[in-house]
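Morning, everyone. Please look at the model on the screen while I talk.

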Amino acid sequence: SQKLIIDCDPGQDDAINLFLALAPDAKADYEVLGITAVAGNVGLDKTERNTRLLCELTGRADMPVYAGCDAPLVYPLATAEEVHGREGLEGVDIHEPAMALQSQNAVDFIVETLLEAEEASIRLVVTGPMTNIAAAIQKDVRILPKIQDIVLMGGALREGGNITPSAEFNIYVDPHAAKVVFESGCPLVIFGLDVTHKVLSSATELERMKALNNPVAQAAYNLLTYYGRFDADKYGTDGAPLHDPCTMAYILRPELFSLKSCNIRVETESDLTRGHTAVDFWHGTDLPKNCLWAYDVDCAGFFDLLVEQLSKYK
Ligand code: BDR
Ligand code: CA
């Protein structure tokens, strides 16, 4: 079976991604080895707590949860409370979880787990700034051949940015980490705004979730109702983009997405375009094709998958 490590900064859409990943399924052909939290949408103290809350909510209090980097490699942390709420998880009851945080640092967990693994045997699913992953690579490059691929949410090509005109949030927060990952030589599968902006949690889809009538589906409904309000007010859309859940949807059902092999680079320095992803979609250069770039998605299929996963909770 496939082995995954999920690295995240919950985060409303990170939460939905965890619901996809942790749905009870005797037939699942993957195993989540651990979940690592990073600073991003809110500070690390909140993202690691939220990760544990979500594990408890999904009945996976046994899941090892690790806290990693509390700030990007170079820049000070930028957060997104206006989208995700003050605690980063608006719509879920916030309390100190009973399950403990692992004492090992997330970066050490990633390094140790990969060093012990077979070649190309572990998939990293990354839905926050890539600080933990970059720090792990910088700590010990011998982990690289152990990684099967890095499936990540970040960047934009035709859509432009969502935090500045040039940049998508995850890459903007830690462009230096993105650079380490993009230049690592690992196979990369990247879900940027071009595709995530097509996956909108419309009122119709929310009603399907609510009708499932279990606590996790209800939490998804609550989280997305709050999350959708920001986009409805600001952009007038029916629902908000399910960015991060594209990563697990790809692991579960890759045929939902259209992808193209191309080169991706990132701007780290410019004040104007910090975090911009230069995606060579039309192969205008001879630069190595270092990623699979997602550019289209079967939206109806995506929501059928989400509802199917949510329906597995009791
Ligand atoms: C990304 O930024 C975060 O706010 C979301 O959780 C997602 O990972 C979208 O740009
Ligand atoms: Ca995220």
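By class, how many nonpolar, polar and charged residues does the shell around ligand 1 have? It has 4 nonpolar, 7 polar and 4 charged residues. Here Ala, Val, Leu, Ile, Met, Phe, Trp, Tyr, Cys and Pro count as nonpolar, Asp, Glu, Lys and Arg as charged, and the others, Gly among them, as polar.

A word on the source. This is a predicted model: local features need pLDDT of at least 70, side-chain atom pairs count only at pLDDT 80 or more, and totals for chains, interfaces and linings use all residues. Residues are numbered from 1 along each chain as its sequence is written, while chains are lettered from A and ligands numbered from 1 in the order in which they are written.

Back to the ligand. Of the 15 residues around ligand 1, the nearest are Gly11, Asp13, Ala80, Phe169 and His243. Around means a C-beta atom, placed from the backbone, within 6 Å of the ligand. Two or more residues of the shell come from each of α1 (12–22) and α6 (169–173). Helices (H or I, at least four residues) and strands (E, at least two) are DSSP runs, numbered from the N terminus.

Now the sheet. It is open, with 8 strands in the order β3-β2-β1-β4-β5-β6-β10-β7 and mixed pairing. Strands pair if DSSP finds at least two bridges between them. At the edges sit β3 (65–67) and β7 (257–262), each pairing on one side only.

One pair to find: β6 (residues 188–191) and β10 (residues 291–297) run parallel, joined by 2 bridges. There, Ile190 stands opposite Trp293 of β10.
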